[in-house]
Amino acid sequence: MAAANSSAASSAAVKMASDGLWQGENPLDFALPLLAVQIAVILAVTQGLALALRPLRQPKVVAEILGGILLGPSALGRWGAFRRTLFPPWSAAALDTVSGLGLLLFLFLVGLELDFRAVRRVGPRSVAVAAAGIVLPLIAAPALVPLLNLAVPAPRHASFLSLCVFLGAALSVTALPVLACILKELGLLATPLGETAMAAAAVNDIFAWALLALALAVSGGGGGRDPKGSPLAPVYILASGAVFVAFMLCAARPLIVRLARRLGPDRAAGLTCSGAVACALLAGVVTDAIGVHPVFGAFVFGLSMPREGDLAERATEKVAPLVSGLMLPLYFATSGLHTNIDNVRGAAAWGMVALVVAVALLGKFGGTFVVATGTGMGRHEAAALGVAMSAKGLVELIVLNIGKEKKVLDDTTFAIFVIMALTTTVLATPCMTALYRRPPTATAPEMDAVELKGGGDACPA
């Protein structure tokens, strides 16, 4: 208790900037200079790793997570002087807040860029593929929880149901930006396979966020076995969330269209970026007040932005460079900073890692392959689609971080699932590359004639 009070007091006493070395003050003992150095170090390390991994054609998110792990307690963070100088405990709140803001804006962009016209073009197959890739991992999650308790005997702050829903969401998600980059690099984005994969991933994203909202609701807002507040809190959270989504899609969207028409193209263009960002942030505040994570509000607001005209395109052009170039890398690096691989100790824990990776890969691949072949797709293309839908990375890390923040996932479970996210993302590109390094067959010439493009940059997502 005394230590907590001391930590809170030291955090409260931290000033924004120093008076300078000539006044005998170390800038790294002050919030703003230290944050600037942390951001510079994180960007330098992650960019260096991204360049090193470029020949392996790995998505940038892999370098960002590995960079965080390298700087965190699993590697350089073991060195006490390094940790106390660059990443002292009192600085965590500022770094987490900046990276969390980047995550919120990123989810706004994800909602903004989801294209449901692709779903309509592909038809029911994309919905069936997305559903199949979610159902098997969700069924596997309740079986994993008892095994997890045996392999990692740690106190659980979460109920069995909330843990099942969180693990099911973590196992079933597909990272749409990572998938898009992999397909683009292999020259498959504009093919029937690419269109089906992107449409299914878009539907999968909607399912994933609905699952996450459900997980947050059943955890009672705090993740504990004894929910805070009324026993009916999960019902209130789900009902309020449903009302929020309905209002945004059915009422807010037409209002935005009407406002844009009244302002005219020139005035609307000037207000688009700042107005959209402000509304996304406020939507996050609303869902946080409901009891769902703020990123859910930003995501739903992005979905509700009208696609008519160029409102969505202008907002994306303005916001995306800052988010993808600076704020999002910080988020994934801080995820790595919070991951301690040393928590995964012993044969049982590492066996659990292998099992979780196998369930994540086989669940997504098996469900996708069966449904894709059942809807008339060739086996080779169905296998490629199964591999593509297994890519995780971005959305997976978001789900895991929210689970840890809400105390549904303990440190060891978090580390196990971070390893799974890295493994599945690392394997996606080589497996897709292997599948498309082959002579064309006579079964599906329009698909099999796709050639692998060489010399491209690693996936920027």
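Reader: Which residues make the nonpolar surface patch of about 270 Å²?

Author: The model discussed here is predicted. A member of the patch must have over 30% relative accessible area. Leu136, which is found in helix 7 (residues 124-151), counts as partly exposed at 40% relative accessibility. The patch of about 270 Å² is made by Val135, Leu136 and Ile139.

Reader: How many residues apart in sequence are the parts that Arg78 and Asp342 tie together?

Author: The side chains of Arg78 and Asp342 meet in a salt bridge, with N to O at 2.7 Å. Arg78 lies in the loop between helix 3 (60-71) and helix 4 (80-86), whereas Asp342 lies in the loop between helix 13 (311-337) and helix 14 (346-374), so the parts that the pair ties together are separated in sequence by 264 residues.

Reader: With which residue does Lys404 form a salt bridge?

Author: A salt bridge requires a side-chain nitrogen of Lys or Arg within 4 Å of a carboxyl oxygen of Asp or Glu. Lys404 is partly exposed, with a relative accessible area of 22%, and the other residue of the pair is partly exposed at 43%. The closest N and O atoms are 3.5 Å apart, and the partner of Lys404 is Asp411.

Reader: How far apart are the end C-alpha atoms of helix 8?

Author: Helix 8 covers residues 160-172, which is 13 residues. At 1.5 Å a residue, these should span 18 Å. The model agrees with this expectation, because the end C-alpha atoms are apart by 18 Å.

Reader: Which helices are included in what covers the buried residues of helix 8?

Author: Helix 8 is mostly covered, with 11 of its 13 residues buried. Among the buried residues are Cys164, Phe166 and Leu171. The cover includes helix 7, helix 10 (192-218), helix 14, helix 16 (394-405) and helix 17 (411-435).

Reader: What is the distance in space between Gly302 and Leu109, C-alpha to C-alpha?

Author: Gly302 is found in helix 12 (residues 294-304) and counts as buried at 0% relative accessibility. Leaving aside neighbours within four places in sequence, Gly302 is in contact with Phe108, Gly111, Leu112 and Arg307. Gly302 and Leu109 are 193 residues apart in sequence, but their C-alpha atoms are separated in space by 6.3 Å.

Note on methods
Residues are numbered from 1 along each chain as its sequence is written. This is a predicted model: local features need pLDDT of at least 70, side-chain atom pairs count only at pLDDT 80 or more; totals for chains, interfaces and linings use all residues. Side-chain values use heavy atoms; hydrogens and water are left out. Patches are made of residues with over 30% relative accessible area and no salt bridge: like charges are joined within 9 Å, nonpolar side chains (Val, Leu, Ile, Met, Phe, Trp, Tyr) within 5 Å. Accessible areas come from the Shrake-Rupley method with a 1.4 Å probe; for residues, only the protein chains shown count as cover. Helices (H or I, at least four residues) and strands (E, at least two) are DSSP runs, numbered from the N terminus. Buried means under 20% relative accessible area, exposed over 50%, partly exposed in between (1.4 Å probe, protein chains only). The expected span of a helix is 1.5 Å times one less than its number of residues. Contact means heavy atoms within 4.5 Å.
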